[in-house]
Amino acid sequence: MSNLDLVQALDGVMKGRFATRFYADRPVPYATVRDILEAARYAPSGANIQPWRVQVLAGAAKTEICRDILVTHATEAAHHVSEYTYYAPNLPDLYHSRKQAFGRVFYGSLGIAQDNAPGRAAQTAKNYEFFGAPVGLIFTIDRRLEKGSWLDLGMFLQNVMLAAKVRGLDTCPQETLAKYHRVLRRHLPIAPEDIVVCGMALGVCDAAAAARRRVMERAPIEAFASFHGFDAPRAQEAGE
């Protein structure tokens with residue numbers, strides 16, 4: 001494979017990855033999950049402290065935990081919150097508008113109207129069974145660490161998702177599982193000093209079901225990048 005082929009292959013993986021919420025009823029072998037984590041552990045981290053921890057769930061263990069979370073979600077959701085804040089309480093307009101657009105596109109693709117509260121709630125509850133994926137992962141980080149280590153964890157998460165994708169698997173990172181850290185602690189050896197950051201579904205995408213999904217727009221480069229010190233692009237490169 002040429003260098004150009006490698007570039008195109010990697011670009012294709014990054015551009016083709018999305019949060020999959022539809023999974024086929026197909027198991028993922030233990031060895032495959034280990035291979036994914038084996039590759040992902042090479043993520044960079046400041047001073048090589050490698051701050052990530054992962055609980056990997058499948059089979060009866062996953063079923064039992066999901067059942068407990070679903071019951072808790074149905075009966076006492078208001079009493080469970082994450083140990084950290086994911087979204088700023090007052091999102092600036094730009095980010096707020098993107099968040100609203102996501103809701104319209106995502107729920108619209110499922111035929112769930114914005115004012116259909118029961119429908120939206122039912123879809124949200126699917127998070128707590130990892131959308132039917134055969135493998136669920138729970139990521140934690142030591143609460144004594146600072147924001148830089150959370151950046152490291154984010155790079156590790158991306159490595160997991162890309163390593164899964166090149167193996168023909170799909171993923172969905174799920175912050176909402178962090179709300180039920182007390183439930184997770186009933187089943188998993190999560191240290192008191194650790195914060196549950198998110199979960200992640202892992203499995204084979206149900207392509208027929210996922211076809212309903214509409215593509216989420218991404219901001220163009222001009223919206224987030226400024227270039228300094230480069231030669232002016234030639235006319236054909238600038239699209240003129």
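Reader: Is Phe130 buried or exposed?

Author: Buried means under 20% relative accessible area, exposed over 50%, and partly exposed in between (1.4 Å probe, protein chains only). Phe130 has a relative accessible area of 2%, so it counts as buried. This is a predicted model, in which local features need pLDDT of at least 70 and side-chain atom pairs count only at pLDDT 80 or more, while totals for chains, interfaces and linings use all residues. Residues are numbered from 1 along each chain as its sequence is written, and side-chain values use heavy atoms, with hydrogens and water left out.

Reader: Where does Phe130 lie?

Author: Helices (H or I, at least four residues) and strands (E, at least two) are DSSP runs, numbered from the N terminus. Phe130 lies in the loop between helix 5 (117-125) and strand 2. Its phi is positive, about 55 degrees, although Phe130 is not a glycine. Gln50, in the loop between helix 2 and strand 1, also has a positive phi, near 50 degrees. Gln50 is partly exposed, with a relative accessible area of 33%.

Reader: Which residues touch the most other members of the largest nonpolar core?

Author: A nonpolar core is a set of buried Ala, Val, Leu, Ile, Met, Phe, Trp, Tyr and Cys residues joined through side-chain atoms within 4.5 Å. The largest one here has 46 residues, and those touching the most other members are Ile69, Phe130, Ile138, Phe139, Phe156, Leu184 and Leu202. At least two residues of this core come from each of helix 2, strand 1, helix 3 (59-76), strand 2, helix 6, helix 7 (181-187) and strand 4. Another core, of 10 residues, lies apart from it and includes Phe106, Tyr107, Leu110 and Met216.

Reader: What do the buried residues of helix 6 pack against?

Author: Contact means heavy atoms within 4.5 Å. Helix 6 (residues 147-165) has buried residues that pack against helix 1 (3-16), helix 2 (30-40), strand 1 (52-57), strand 2 (135-142), strand 3 (170-174) and strand 4 (194-203). Among these buried residues are Leu153, Phe156, Leu157 and Val160. Leaving aside neighbours within four places in sequence, Phe156 is in contact with Leu37, Ala40, Arg41, Ala43, Trp52, Val54 and Phe139.

Reader: How many residues does helix 6 have, and what span does it reach?

Author: The expected span of a helix is 1.5 Å times one less than its number of residues. Helix 6 has 19 residues and reaches 27 Å from its first C-alpha to its last, close to the 27 Å expected.
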